[in-house]
Amino acid sequence: MISRLATVCLVLVAACTGDAGSTGTDGGGGSSGTDAAHQACIDQSNMYRTTNGKAALVRSAALEAYADDGAMHDFSTQPHDHFSTTGGGGIAFAENECPQQGNWNLPAGGDMAALVRQCIDAFYSEGPGGGHYDNLMGAYSKIGCGIYQSGTKVTIVQDLGN
């Protein structure tokens with residue numbers, strides 16, 4: 001887990017406004033496994049937030065579509081390139097990412113939801129003062145999680161907004 005933690009990336013930007021809504025998932029549309037992994041991201045994030053006295057985040061279809069697009073875009077570029085070049089798409093204020101360049105791989109027949117939970121665990125394990133932890137515990141009300149997979153390589157994006 002330590003080697004993965006070193007490859008987790010984060011971005012925090014100034015407030016943005018607006019809404020977005022495009023789709024993009026694991027290279028071929030959402031499957032039930034990918035849908036379950038999106039929900040695992042929200043559930044794991046909210047488990048950590050409520051354990052720490054923070055309000056649960058609400059799943060946002062707009063943020064999820066934005067995060068899915070970001071995961072697909074960043075898979076073949078640099079982590080957070082989509083977030084940086086779009087200014088959070090007008091809806092995301094902070095982003096955490098587990099990039100495929102950081103060896104986030106899904107073994108054949110593997111459980112995508114379990115891999116996503118490991119990614120969220122890496123954010124949380126930084127503790128207070130760690131950028132990913134602070135984003136996860138931030139004063140946000142909405143969440144969208146994005147997943148893109150090609151072969152065994154996976155990029156996972158978590159976007160936070162209000």
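**Notebook: strands, cores and ring pairs**

I began at the hairpin of β4 and β5, where two residues lie between the strands and G151 takes a positive phi near 65°. Helices (H or I, at least four residues) and strands (E, at least two) are DSSP runs here, numbered from the N terminus.

Before going further I noted that this is a predicted model, in which local features need pLDDT of at least 70, side-chain atom pairs count only at pLDDT 80 or more, and totals for chains, interfaces and linings use all residues. Residues are numbered from 1 along each chain as its sequence is written, and side-chain values use heavy atoms, with hydrogens and water left out.

**Confidence**

I looked up pLDDT, the predictor's confidence in each residue, from 0 to 100. The chain averages 82, and 80% of the residues score at least 70. Over residues 1–32 the pLDDT stays under 50, and for this stretch the model has 84 contacts beyond four places in sequence, a contact being heavy atoms within 4.5 Å.

**Strands**

I then followed the strand pairing, which requires that DSSP find at least two bridges between two strands. β4 and β5 pair in the antiparallel sense over nine bridges, and I147 has I156 in β5 as its bridge partner. β3 and β5 also pair in the antiparallel sense, over five bridges, with A94 of strand β3 standing opposite L160 in β5. Eight of the nine residues of β5 are buried, where buried means under 20% relative accessible area, exposed over 50% and partly exposed in between (1.4 Å probe, protein chains only). A94 is buried as well, because its relative accessibility is 0%. From A94 to D134 I noted 40 residues in sequence and 9.9 Å in space, C-alpha to C-alpha.

**Nonpolar cores**

Which residues have the most contacts inside the largest nonpolar core? They are M112, L115, V116, V154 and I156, in a core of 27 residues; a nonpolar core is a set of buried Ala, Val, Leu, Ile, Met, Phe, Trp, Tyr and Cys residues joined through side-chain atoms within 4.5 Å. The elements giving two or more residues to this core are α2 (32–51), β3 (94–98), α5 (112–125), α6 (131–136), β4 and β5 (153–161), and α5 provides the largest share, seven residues. Leaving aside neighbours within four places in sequence, I found V154 in contact with residues including F75, W104, M112, L115 and Y148. Another core, of six residues, lies apart from the largest one and has L63, F83, I91 and A92 among them.

**Aromatic pairs**

I counted three aromatic pairs, taking rings of Phe, Tyr and Trp (its six-membered ring) as paired if their centres lie within 6.5 Å, with planes under 30 degrees apart stacked, over 60 edge-to-face and the rest tilted. F75 and Y148 are edge-to-face, at 5.1 Å centre to centre and 65° between the planes. This pair links distant parts of the chain, since F75 is in helix α3 (residues 61–75) and Y148 in strand β4 (residues 142–150), 73 residues apart. Both F75 and Y148 are buried. The pair of Y124 and Y133 is tilted, because the ring centres are 5.3 Å apart and the planes are at 40°. Y133 is buried at 9% relative accessible area, whereas Y124 is partly exposed at 22%. Ring pairs also link Y48 with Y124 and Y133 into a cluster.

**Salt bridge**

Lastly I looked for salt bridges (a side-chain nitrogen of Lys or Arg within 4 Å of a carboxyl oxygen of Asp or Glu), and the count came to one. R59 and E64 form this salt bridge, at 2.6 Å from N to O. R59 is partly exposed at 34% relative accessibility, while E64 is buried at 14%.
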